[in-house]
Amino acid sequence: QVQLQESGPGLLKPSQTLSLTCTVSGGPITTSSNYWSWLRQPPGKGLEWMGRISYSGNTAYSPSLKSRTSISRDTSKNQFTLQLSSVTPEDTAVYYCARERIGLNWYRDYWGQGTQVTVSS
C-alpha cells in the first residue's frame, strides 16, 4: 500500500519561498511508470495541478506556474519536494502530493491528506 505524507510550514509571508516535502512509503519513488505530482486547491476554487517528477527524475510543470515552481527528489529518503518562489496571498491553498500513472489519460491513485498553506503579512 502506497502512502504519501506532506510536510512543511503552514504560514508564510509574501515574497517568501514555499517548500513542501512529500514522504512516500510502500515502495521506492524510482519504480518504473510512477510519477509524483503536486496539486493545490485554493479556498472556494477547484483543484490545480502544479507539476510532477517522474521515476527517472524528469519534471513537468503547469505553464502558469512554471516560472516559480521547482520539483526535486531525494531518492535516499524516498521524498520529493515542491518549491514555489515569490508567494503571494493568492498562493494560499491546501497542497496535496499524489502518485500519478498514465493509461489512456493521466490519473492519480494515491494521495496525501493535504496540508494547509497560508500566505499572509
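Analyst: A charge counts as sitting over a ring when NZ of Lys or CZ of Arg is within 6 Å of the ring centre and within 35 degrees of the ring normal. Arg52 does this with Trp106: it lies over the face of that ring, 3.6 Å from the ring centre. Before going on, keep in mind that this is a predicted model, where local features need pLDDT of at least 70 and side-chain atom pairs count only at pLDDT 80 or more, while totals for chains, interfaces and linings use all residues. Numbering runs from 1 along each chain as its sequence is written, and side-chain values use heavy atoms, with hydrogens and water left out.

Trp106 has ring partners too: ring pairs link it with Tyr35 and Tyr55 into a cluster. For pairing, rings of Phe, Tyr and Trp (its six-membered ring) need centres within 6.5 Å; planes under 30 degrees apart are stacked, over 60 edge-to-face, and the rest tilted. The structure holds five such aromatic pairs. One of them is Tyr35 with Tyr55, whose centres sit 5.7 Å apart with planes at 85°, so that pair is edge-to-face. It links distant parts of the chain, with Tyr35 in strand E4 (residues 35–41) and Tyr55, 20 residues apart from it, in the loop between strand E5 (48–54) and E6. Strands (E, at least two residues) and helices (H or I, at least four) are DSSP runs numbered from the N terminus.

How covered are those two tyrosines, buried or exposed? Buried is under 20% relative accessible area, exposed over 50%, and partly exposed in between (1.4 Å probe, protein chains only). Tyr35 has 18%, so it's buried, while Tyr55 has 27% and is partly exposed. Another ring pair is Tyr96 with Trp111: centres 5.9 Å apart, planes at 85°, so edge-to-face. Tyr96 is buried at 18%; Trp111 is partly exposed at 36%.

Arg99 lies in E9 and Asp109 in E10 (residues 106–111), so the contact ties together parts ten residues apart in sequence. Arg99 is buried at 9%, and Asp109 is partly exposed at 30%. The salt-bridge rule asks for a side-chain nitrogen of Lys or Arg within 4 Å of a carboxyl oxygen of Asp or Glu, and the count comes to six.

There's a network of salt bridges as well, linking Arg40, Glu48, Arg68 and Asp91. In it, Arg40 meets Glu48 at 2.7 Å (N to O); Arg40 is buried at 6%, and Glu48 is partly exposed at 23%. Arg68 meets Asp91 at 2.9 Å (N to O). Arg68 sits in the loop between E6 (59–61) and E7 (69–74), and Asp91 in the loop between E8 (79–84) and E9, so this pair ties together parts 23 residues apart in sequence. Asp91 is buried at 2%, whereas Arg68 is partly exposed at 22%.

Last up is a covalent contact. A search of the whole structure finds one disulfide, a term for two cysteine sulfur atoms within 2.5 Å. It joins Cys22 to Cys97, with S to S at 2.1 Å. The torsion about that S-S bond is about 65°, so the disulfide is right-handed. Cys22 lies in strand E3 (residues 18–25) and Cys97 in E9 (residues 93–102), so the bond ties together parts 75 residues apart in sequence. Cys22 and Cys97 are both buried.
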